[in-house]
Amino acid sequence: MHRLRWALLTVMALAAVIVIAPRAIAARFAPIGPAVSDRLWQQPPPVTNDACLACHNDPSLQKKLYNGEMWSLSIDLKDHASSVHGQAGLACVQCHTNFDESHVKNPVQFPGFNANDRRDASLKLVTVCQQCHADQYAKANDSVHARAQKAGDVNAAICTDCHTAHTVRRLTDPVTKQLLPDARQWVPLTCAKCHSTIYNQYKDSVHGAALTQEGNLDVPTCIDCHGVHNIGDPTTAAFRLKSPNLCAKCHADPKIMDKYGISTQVLNTYVADFHGTTVTLFQKESPDAETNKPVCFDCHGVHDIARTDDPQKGLQLKQNILKRCQVCHPSATANFSAAWLSHYIPSPDKYPVVYFVNVFYQIFIPAVLGSMAILVVLDISSIARRRLRKPKDRPQPPAGKPSDTDVTGKESSHG
Amino acid sequence: MSAVSQSTSTLRSRGVQTIRFFARFTLGQRWEHLLLFVSFTVLFLTGVVQKYRNEVWSQDILSSPERLTLIRNIHHIAAIVLTIEVIYHLARAIYLLARRKMSPAMFPTWQDVKDAGRMIGYLLFLTKEKPKFGKYNFEQKITYWFLFFGIGIMVITGLIIWFPVQAANLISGAIVPAAKLAHSTEAIVAGVFVLIWHFYHVHLERLNLSIFTGRLNEDDMRKYHAAEFERLTGESTDAPDRGGQV
């Protein structure tokens, strides 16, 4: 009987383990699905922050990860409170959803979470962002960073690398959804965390200097050209072919350019010339085609774009533009750079030869082709009228001359 | 230079009659025209596609870098053919003219201006008499010289935009965009000219195939080249000559 009781207890315990354990594990490591609710932050949190902070306020709270690395689990509530999430009243457990009562009761036995190393931890935790930010999350999943992640580069940027985990800042105006002025200045600094070489070129460029030194909000930051969450690969042929449109977004817009006295004809004049015509054509017809035709950044620079009147790098200096020509036309000499109209529309002052060739044809075409067309019309009407008139007032052949018809029976020429 | 040939044909209604033909173009000249015709057409078609690259129909044709290269290569080959033809034509003409083996009938004269004036008078019903034209009437001379200078412009500007670096070294950089504009515009001028002027005169006004057959019949000679007919035969075109009829 005694033995039977023990056997029964063992079976019940086993059953309990089999039935309950997977649920508990599932509850802890359940993959977090798509957005639980837009209004997640409006629901009362199941566990208050105080409960979390009872332990996580301790600066010495650490966890040993699988690789032996020690990971601080302490959180300064001030950081969270000043973040956009804290201001909105979000509680810890609304992001850290994979913790339940068991963790509060026995955090060592139910850590709720484990990771191989610090980066692994971030990669696992970042999935919670999509609960509320599904659009941005999906876009980011399509980005060059996500592709690098999938290809095995664990250091490729994830949400928290740019936005941070606990000190997330408000970037857009809640009403207009426009980027806040401060945010425009943060963007390049954020990208610089990984892309520091490019940032160093950018900050000295005409755009970067205006932003970092003068706080100019018209100039582009990284995201204006590269996109925000669905950042594409800028090294593809397709990006290259489309790039003139990126520049034209601002440079063909008089609202922005008039302030600085910059021509808005830069795209038109580019498209009208050899290089631009071909690039525009391929952009439409075969967007993935490789072309050796230059786009804006081949001459003006990619991140180190300078003013055209820059005393050192400016393209208005013949030797500077010639260097660009020589990349594709190695035998070009000083004369050659004038073959490019430099975005000017020909006038008597700028490129007079081209201007006067145009004037010549504007006069020549109507004058010559017009008068020829008139002669042809006169000829047709003359033939028609003479034919119609013939039967009536056919001139009599002069006396002594035989007939007005020749061998083939047709009217002769002078009739 | 022009020889008179006779051909006998039987017309059922009129019995046997002889039509005189007058040699107008040599075999070489006929081949030259054919070469010009083919290369001009190919150049025009492949050029127009490149000129109107912003149009949908053009973009459908030039849809990929490979296609563009192909069209351009065809254009360049036809250009070489035309250039060789132009050089041959000029060299031959200069040689023959210098050795007085060819009449300078194609050169414009004061007579052509008077002929043109009289022809306009005739077309406007101011005079009843059509002017008597020589071997080449003023209209044919306009055709020749218009295309002569047009093709000259096309060859020179074409070479400049084909070899922009060398052209810039030789002349100046600004010549390249000017040549591009001239090449592109002159092409349309030449194309429209051939369509309205040349096609009208050789197809609509009358079907004149002498550039292919090399000869012109007596009828057309009397009507369109009366002065030349009189010079060759010594007969007057005022009275239709019936001597040929048997």
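Q: Are H12(A) and H13(A) roughly parallel or roughly perpendicular to each other?
A: Bear in mind that this is a predicted model. H12 covers residues 196-204 of chain A and H13 covers residues 206-214 of chain A, and their axes sit 4 Å apart at an angle of about 80°. Angles of 65 to 115 degrees count as roughly perpendicular. So H12(A) and H13(A) come out as roughly perpendicular.

Q: Which residues in H13(A) does H12(A) meet?
A: On the H12(A) side, look at Tyr202(A), Lys203(A) and Asp204(A). The residues of this contact split into two nonpolar, two polar and two charged. Across from them in H13(A) are Gly208(A), Ala209(A) and Thr212(A).

Q: Which helix gives the most to the side of chain A that touches chain B?
A: Here 41 residues of chain A are in contact with 42 residues of chain B. Two helices of chain A, H18 (274-285) and H21 (352-389), each supply at least two residues to that side. The top contributor, with 13 residues, is H21(A).

Q: How many residues of the side of chain A that touches chain B are nonpolar?
A: Sort the residues on that side by type, and six are charged and 14 are polar. The nonpolar ones number 21.

Q: What percentage of the residues of chain A count as buried?
A: Chain A has 21 helices and two strands. To count as buried, a residue needs 20 or more other C-beta atoms within 10 Å of its own. Of the 415 residues in chain A, the buried share is 19%.

How values were computed
Residues numbered from 1 in each chain as written. Chains lettered and ligands numbered in written order. Predicted model: local features only at pLDDT ≥ 70, side-chain atom pairs only at ≥ 80, totals over all residues. Axes fitted to C-alpha atoms, helices over the stretch in contact; angles between N-to-C directions. Parallel < 35°, antiparallel > 145°, perpendicular 65-115°, else oblique. Contact = placed C-beta atoms within 7 Å. Nonpolar A, V, L, I, M, F, W, Y, C, P; charged D, E, K, R; others polar. Buried ≥ 20, exposed ≤ 12 C-beta atoms within 10 Å, placed from the backbone.
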